[in-house]
Amino acid sequence: MWRDAALVAGKDLRIEGRSRVALSQVAPFGIVALVLFAFALGPDRQIMAKGAPGLFWVAVLFCTVLAIQRSVSVESSDGARDGLRLSGIDPAGLYLGKAVAVAAQLVVLEALLAVGVVLLYGARIEVPWMIAASCVLGTIGLAATGTLYGALSSGLRVRETLLPFLLLPIAAPVLLAGTRIWQAAMAGGTPSAGSQWLKLLVVFDAVYLAIGVVLFGPIQETA
Amino acid sequence: MTDDLATVPPAGADRARPDDAAGSDDAAGPVARVTAPPTPSAAARTTERVIGLLALVGTAATVWLGIWVTPPDKVQGDLVRLVYIHPGVAWVALYLAFGLAAVSSLLYLWPRTRSLFWDRLAAAAVEVGVVFNVCTLVSGSIWGKPTWGVWWAWDARLTSTAVLLVLFLGYLALRRVPAEPEVRARRSAFVALFAAVDIPIIHFSVNWWNTLHQGATVLNANLSPTIHGSMAWTLLLGFVALTLVFVWMLLVRYRIGALEDWLAANELDLALAERQAEGGPPPAAPPGSGPVDGVPTDRVGVA
């Protein structure tokens, strides 16, 4: 399973390395979102700094949808999905590999967006490790759920429109938890306030990773 | 009754099996693929009617008791009458409908109990649940505006109800995507399962979110100790009546769902049979004028 996961993740990241879709389209989209939020909330830096945690996570959620779409579409042509299934790769490994590839891209993107939030919105980060922890755990959750829904919707002609509708409400706890942790980290001094949200993220990640590992085989058959 | 269809050579119909053209021994030849529509047994129809009648009577009694018999509340006045409806509707939407949908989806996914019955039941429960969910939000808003001063508060319960509605709507949107019944059932069941797993997490996160954000909203805490007598009975009756309404709507929706599946499977064959009947040799059957009489269910029942 782990070897298969590494193979699949390597494949997806190699495709990204050669096509640069995430780097040249998804990441700039995230920056555009940050700029648009600034337009929506006006030039008052205090309001923007206050809203920075939520805006950061909303931007991440939107980018997640794009990253998942991309992750599905690299296998939508030339019968690549059937090829993968025929190749004897363990479904759990396939699931983990695709999730890892998405998560790796999202982490890079989040680093970029975090810098953007600090520079553009004037957000002051007091407890950096909480930010890092929320990003890692939140990203795992988003990649875990996103890969599940990506596989479910991969055979649909209406995938582009249906996926965000299905995925974003499910990912709402990640947005809530991530925002709260960021707020705690920006306020500083109260790591206890963030710790229960970190636990929530751990539970969220564990639940959906477990579902994916166990059920990814049957889920693929729906495509 | 099918002979007007059976005698038509299906040469033009490329989907028909070629050997059926000459197969006069196979009387049900070209229409063999059109199966009879699912008809519920007499007992099932009677049950449905009795439950519908009980639901009607129960709802009428609740309205009568709630509006004319019970007294207005000391604090809330006539507003308290919403309490005979709102909790019952919420109970159906949040627990009954969603619970049933989750359990049915799980039973569908479980290989030993896999049957389209569970899929249709889950779909019916979700669809009726959406109606009740919207009623919950609307009746809550009507109560909230005079009591809290706002139509909507980001209270934990309200927020989870709204998120649940969105999840329900996503499930229904997925069901509308055309697919083979088994594929659709599987897909929908997975989505229902993922959503069901998410509900406790959403519940907790929204609770924490709200309590960290603002003080807990007083959700008619003054009501429960003072409620007694006719008010308590009316409240209880409201629960029963709304549950019956739910069950009745569920049964009807299930029956319609089964018919829809039948129509989706037979639509093309029915249309083909109709066209063939139009241009075929003069048959002994009465309707030679065309398919103006809608879906000719009576003509395919024999197949």
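Visitor: Let's start with α2(B) and α8(B): is their crossing left-handed or right-handed?

Guide: In this predicted model, the crossing of α2(B) and α8(B) is left-handed. Helix α2 covers residues 42-69 of chain B and helix α8 covers residues 230-279 of chain B, and their axes come within 8 Å and cross at roughly 150 degrees. That angle makes α2(B) roughly antiparallel to α8(B).

Visitor: Which residues make the contact?

Guide: On the side of α2(B), the residues include B:Glu48, B:Ile51, B:Gly52, B:Leu54 and B:Ala55, with B:Val69 also among them. On the side of α8(B), they include B:Ser230, B:Thr234, B:Leu237, B:Trp248 and B:Val252.

Visitor: And how many of those are nonpolar, polar or charged?

Guide: The residues of the contact of α2(B) with α8(B) divide into 15 nonpolar, eight polar and one charged.

Visitor: OK, stepping back, what is the secondary structure of chain B?

Guide: Chain B comes to nine helices and zero strands, so its elements, read from the N terminus on, run α-α-α-α-α-α-α-α-α.

Visitor: How much of chain B is buried?

Guide: Of the 303 residues in chain B, buried residues make up 35%. As for how the chain folds back on itself, if one takes the contacts in chain B with a separation of 6 or more, residues 24 or more positions apart account for 79% of them.

Visitor: Which residues touch the most other members of the largest nonpolar core?

Guide: That core has 127 residues, and A:Phe56, B:Ala97, B:Ala122 and B:Ala125 touch the most other members. Helix α5 of chain A, residues 91-121, gives the most to this core, with 14 residues. There is also a second, separate core of five residues, which includes B:Val34, B:Leu270, B:Leu272 and B:Ala277.

Visitor: What is B:Ala125 in contact with?

Guide: If its neighbours within four places in sequence are left aside, B:Ala125 is in contact with B:Ala97, B:Leu100, B:Ala101, B:Ser104 and B:Leu250.

Visitor: Now the two chains together: how many residues of chain A are in contact with chain B?

Guide: There are 22 residues of chain A in contact with 23 residues of chain B. On the side of chain A that touches chain B, the elements giving two or more residues are α6 (128-153), α7 (159-170), α8 (172-187) and α9 (191-220) of chain A.

Visitor: Which one gives the most?

Guide: It is α9(A), which gives seven residues to the side of chain A that touches chain B. By class, that side has 19 nonpolar, two polar and one charged residues.

Visitor: Why does A:Asp78 count as exposed?

Guide: A:Asp78 counts as exposed because it has 8 C-beta neighbours inside 10 Å, and the cut-off for exposed is 12 or fewer.

Visitor: Last one, where is A:Arg45?

Guide: A:Arg45 is in helix α3 of chain A, and with 14 C-beta neighbours inside 10 Å it counts as partly exposed. The C-alpha atoms of A:Arg45 and A:Leu23 are separated by 28 Å, and the two residues are 22 residues apart along the chain.

Notes. Residues are numbered from 1 along each chain as its sequence is written. Chains are lettered from A and ligands numbered from 1 in the order in which they are written. This is a predicted model: local features need pLDDT of at least 70, side-chain atom pairs count only at pLDDT 80 or more; totals for chains, interfaces and linings use all residues. Axes are lines fitted to C-alpha atoms, for helices over the stretch in contact, and angles run from 0 to 180 degrees between N-to-C directions. Helices (H or I, at least four residues) and strands (E, at least two) are DSSP runs, numbered from the N terminus. Angles under 35 degrees count as roughly parallel, over 145 as roughly antiparallel, 65 to 115 as roughly perpendicular and the rest as oblique. A crossing is left-handed if the near helix is turned anticlockwise from the far one by less than a right angle, and right-handed if clockwise. Two residues are in contact if their C-beta atoms, placed from the backbone, lie within 7 Å. Ala, Val, Leu, Ile, Met, Phe, Trp, Tyr, Cys and Pro count as nonpolar, Asp, Glu, Lys and Arg as charged, and the others, Gly among them, as polar. A nonpolar core is a set of buried Ala, Val, Leu, Ile, Met, Phe, Trp, Tyr and Cys residues joined through C-beta atoms within 7 Å. A residue is buried if 20 or more other C-beta atoms lie within 10 Å of its own, exposed if 12 or fewer, and partly exposed in between; C-beta atoms are placed from the backbone.
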